Amino acid sequence: MDASGPRERRDQIRRRVTDEGFARMEDLAETFGVSVMTIHRDIDALQTEGWLRKVRGGATAQPSALHHGDVRHRRQAMAAEKQRLAEAAATLIEPGMSVILDESTTALALAALLPSRGPLTVITNFLAAVNHLAGEASIDLISLGGAYYPAYDAFLGMRTTDAVRSLRADLLFASTTAVTHGSCYHQSQETVAVKRAMMDSADQRVLLIDHSKFGKRGVHRLAALTDFDLVIVDAGTPEEHLAPLRSANVNLRRAAP
């Protein structure tokens, strides 16, 4: 018999799927002493929150076109490349500027470099970036509220979009989940809505993408790469991915190796 409530059980399911990568419905039902139907409902709820993805026979934490992977996994992926992208992006920032950071872990790598570039105004919906920059004397921090999405560790939705549109910034630094046929894509409509508002609110838009983005897929189109003033890629990005972008007049820059 299940001794825990639904919230505690779902939290344990989330951690198990994240740690193991995959868990079977029947195994979860046996572990928690509940019916398989109850586990189905738990998995549905966790999928809606963006923590995991329901697949035949169980649940997985592996990313897909509809599931981005939780923020812990995203922080660990391509960490060296994200650091190089952040270092290249930081050279564009001058004291006194206002900067928007999206909820990407690439932008989080840039957030760590911002205090030394100040004074700056930083606008973000990414709670991890807010926590990192809070209390920094050289940073005037504007946190965008809204509905909190724990899998993204970010605020998204209509209230966040409205908050972005009420502001103006010199620079936007954003990343994307996938690049396909010269456009960038994401798994959630909520993410796309907020990022579009950020693009509209910035005088210059900079997209930071590591080479793994070219091998992924997304469902919801954000924008063409030509809608960004500059696209910075990591040194390991194959030329076969970049040649079509150059032909389409995308302004490209490689980060240092």
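Tyr 148 is partly exposed, because its relative accessibility comes to 38% (buried is under 20% relative accessible area, exposed is over 50% and partly exposed is in between, using a 1.4 Å probe and protein chains only). The model here is a predicted one, where local features need pLDDT of at least 70 and side-chain atom pairs count only at pLDDT 80 or more, while totals for chains, interfaces and linings use all residues. Residues are numbered from 1 along each chain as its sequence is written, and side-chain values use heavy atoms, with hydrogens and water left out.

Searching the whole structure turns up two aromatic pairs (rings of Phe, Tyr and Trp, the last by its six-membered ring, with centres within 6.5 Å; planes under 30 degrees apart are stacked, over 60 edge-to-face and the rest tilted). Tyr 148 and Phe 155 make a tilted pair, because their ring centres are 5.4 Å apart and their planes sit at 55°. Tyr 149 pairs edge-to-face with Tyr 152, at 6.2 Å centre to centre and 80° between the planes. Phe 155 is buried, with a relative accessible area of 17%, and Tyr 152 is buried too, at 9% relative accessibility.

Then there are the helices and strands, which are DSSP runs numbered from the N terminus (helices are H or I with at least four residues, strands are E with at least two). Two packed helices are described by the angle between their axes and the distance between the axes. For helix H8 (residues 158–165) and helix H9 (residues 189–200), the angle is about 5° and the axes are 9 Å apart (axes are lines fitted to C-alpha atoms over the stretch in contact, and angles run from 0 to 180 degrees between N-to-C directions). H8 and H9 are therefore roughly parallel (under 35 degrees; over 145 is roughly antiparallel, 65 to 115 roughly perpendicular and the rest oblique). Where they meet, Thr 160, Thr 161, Val 164 and Arg 165 of H8 touch residues of H9 including Ala 193 and Met 198 (contact means heavy atoms within 4.5 Å).

As for the strands, E9 (residues 169–174) runs parallel to E12 (residues 202–209), joined by five bridges (strands pair if DSSP finds at least two bridges between them). In this pairing, Ala 169 stands opposite Ala 202 of E12. E12 also pairs in the parallel sense with E14 (residues 230–233), over four bridges, and here Leu 207 faces Val 231 of E14.

Ala 169 comes up again among the contacts of Ser 98, together with Thr 121, Arg 168, Asp 170 and Leu 171, leaving aside neighbours within four places in sequence. Ser 98 belongs to strand E4 (residues 98–101) and is buried, at 13% relative accessibility.
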